[in-house]
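Open the model in your viewer and keep the selection tool at hand. This tour goes stop by stop, with something to select at each one.

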Amino acid sequence: MPLFASVIVLGAFLLFQVQFVLARIILPWFGGAAAVWATCMVFFQVFLLLGYLYSHLLIRRFPPRGQAALHLALLLASLCFLPVLPSPSWKPSGAVNPVARILGLLAATVGLPYLLLSATGPLVSAWCARRYRGEIPYRLYALSNAGSMLGLLSYPVGVEPFLDSTRQAHSWSAGYAAFVCLCAAAAIRSRNDPTPAGTLRTEPSEEPSPGVRKCLLWVALAACGSALLLSFTGHMTQNVAAIPFLWMLPLSVYLLSFILCFAEGERFYRRPVILALLPAAFAGCGWLLRAGVDFRNLPVSVSALTVALFLFCMFCHGELAAGKPAPGHLTVFYLMISLGGALGGAFVGLAAPFLFPGLVEIHASLLALA
């Protein structure tokens, strides 16, 4: 169990750190901090979805030995991407739309390592559920988000002030090599499980496969949370205040809601309490968006928006945790969450700039949640 937990925490930590490392490198190339970050987030969410899809197919289609062999081969192949330094040939030339170029740059620089890091949470959780009867694999999802939170909070205080971009990339690459060793050990340990392909060792009373309606609900809840995160981040950084690392605040409460909802379930998410608070959160956001920013009360505006986002995320992620399936279907559950996150991110980062004349995606996201 400690080995599986260590792999999940280190993988989630690296998953978040590389986002900041690469965004810092390419930001001077493309300019427009908010637009570059939104495009990067779309890439990372799409590859997160691909990683979850890979883990789902691997668990469902391969026996334990086949899972270990294929994953080991991909882990070794991913070392060819190190160090994760973008080639200067990706720098834009002339006035062209940078979206496709940024996406191609990220895929060529960190595509396979990021996909394997993305697959780590659901894949290792499935191995753990198969190996340890009676364990609660969904707590590993809270652990994964705790690793992401550590990666988020440690970057501006422990990495950014002390290392330039090149050293950050090399340090991350060394951490990824260590991750490959740990993940390889976990894969080797899981290959001796006698469970056949497509099944997990769970309790005899396991519920049937989730239906389409439940899967769509999971997608919708995850999409609302992701869209609100990005739209609140864009509004706070562009319309409220240009404060360094302000974007970390909404991302922190987003991750915190995942940790609280999946770590202890009903202990932190109380549906009647959250539902009672949501109308006030909607009303407060409506008033702030209509009245504009009062720079004399800037801390109040930022705090109010942050608290409202936290309540919205607690609802979305609390309902996800309350409706989670038996461990035998956890890869489907994680896949739907990832699909929703990618759809929400694509709406804010790709579709909204072309569909709307101004920054109104926050209004659309609030309407969708309501």
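**The whole chain**

Start with the cartoon view of this predicted model. The chain has twelve helices and zero strands. Follow the chain along its sequence and the pattern reads α-α-α-α-α-α-α-α-α-α-α-α.

The accessible surface comes to about 15,800 Å². Carbon and sulfur atoms account for 68% of that surface. Of the 370 residues in the chain, 52% are buried.

How far apart in sequence are the residues that contacts join? Take the contacts between residues at least 6 apart in sequence: 87% of them join residues at least 24 apart.

Two packed helices are described by the angle between their axes and the distance between the axes. Keep both values in view at each helix pair.

Select residues 2–30 for helix α1, then residues 138–159 for helix α5. Their axes lie 7 Å apart, and the packing angle is about 40°. The two helices, α1 and α5, are therefore oblique to each other. Their crossing is right-handed.

Show the side chains where α1 and α5 meet. On the α1 side, pick out residues including Ala-5, Ile-8, Val-9, Phe-13, Phe-16, Phe-20 and Arg-24. On the α5 side, look for Leu-140, Leu-143, Gly-147, Gly-151, Tyr-155 and Val-159, among others. By class, the contact of α1 with α5 has 14 nonpolar residues, six polar and one charged.

**Stop two: Leu-153**

Stay on helix α5 and select Leu-153. Is Leu-153 buried or partly exposed? Its relative accessible area is 43%, so Leu-153 is partly exposed.

Leu-153 and Leu-249 are 96 residues apart along the chain, and their C-alpha atoms are separated by 9.8 Å. Leave aside the neighbours within four places in sequence, and Leu-153 is in contact with Met-248 and Ser-252.

**Stop three: α3 and α6**

Select residues 64–78 for helix α3 and residues 165–190 for helix α6. The axes come within 9 Å and cross at roughly 170°. That angle makes α3 roughly antiparallel to α6. The crossing of α3 past α6 is left-handed.

Color the residues that meet. From α3, take Pro-64, Ala-68, His-71, Leu-72, Leu-75 and Ser-78. From α6, the residues include Tyr-176, Phe-179, Val-180, Cys-183, Ala-184 and Ile-188. The contact of α3 with α6 has eleven nonpolar residues, three polar and no charged ones.

**Stop four: Ala-184**

Zoom in on Ala-184, in helix α6. Its relative accessibility is 16%, so Ala-184 counts as buried. Which residues does Ala-184 touch, not counting those up to four places away in sequence? They are Leu-72 and Leu-75.

Then select Leu-76. Along the chain, Ala-184 and Leu-76 are 108 residues apart, yet their C-alpha atoms are separated by 9.1 Å.

**Stop five: a cis peptide bond**

Select Leu-82 and Pro-83. The peptide bond that joins Leu-82 and Pro-83 is cis, with omega about -10°. Most peptide bonds are trans. Pro-83 lies in the loop between α3 and α4, and α4 covers residues 98–131.

**Stop six: α9 and α10**

Select residues 271–291 for helix α9 and residues 298–322 for helix α10. Their axes come within 9 Å, crossing at roughly 140°. The crossing of α9 past α10 is left-handed.

Show the side chains again. In α9, those that meet α10 include Arg-271, Ile-274, Leu-278, Phe-282 and Cys-285. In α10, their partners include Ser-301, Ala-304, Leu-311, Phe-312, Phe-315 and Glu-319. The contact of α9 with α10 divides into 16 nonpolar residues, one polar and two charged.

**Stop seven: Leu-366**

Finish at helix α12, residues 361–369, and select Leu-366 there. Is Leu-366 buried or exposed? With 9% relative accessibility, Leu-366 counts as buried.

Show what surrounds this side chain. Not counting residues up to four places away in sequence, Leu-366 touches Leu-228, Phe-232, Phe-282, Cys-285, Leu-289 and Phe-312. Phe-282 and Cys-285 belong to α9, and Phe-312 belongs to α10. Leu-366 and Phe-312 are 54 residues apart along the chain, with their C-alpha atoms separated by 9.0 Å.

Key:
Residues numbered from 1 in each chain as written. Predicted model: local features only at pLDDT ≥ 70, side-chain atom pairs only at ≥ 80, totals over all residues. Heavy atoms only, no water. Helix = DSSP H or I, 4+ residues; strand = E, 2+ residues; numbered from the N terminus. Buried < 20%, exposed > 50% of the residue type's maximum accessible area, 1.4 Å probe, protein only. Contact = heavy atoms within 4.5 Å. Areas by Shrake-Rupley, 256 points an atom, 1.4 Å probe, with all protein chains shown as cover. Axes fitted to C-alpha atoms, helices over the stretch in contact; angles between N-to-C directions. Parallel < 35°, antiparallel > 145°, perpendicular 65-115°, else oblique. Left-handed = near helix turned anticlockwise from the far one by under 90°. Nonpolar A, V, L, I, M, F, W, Y, C, P; charged D, E, K, R; others polar.
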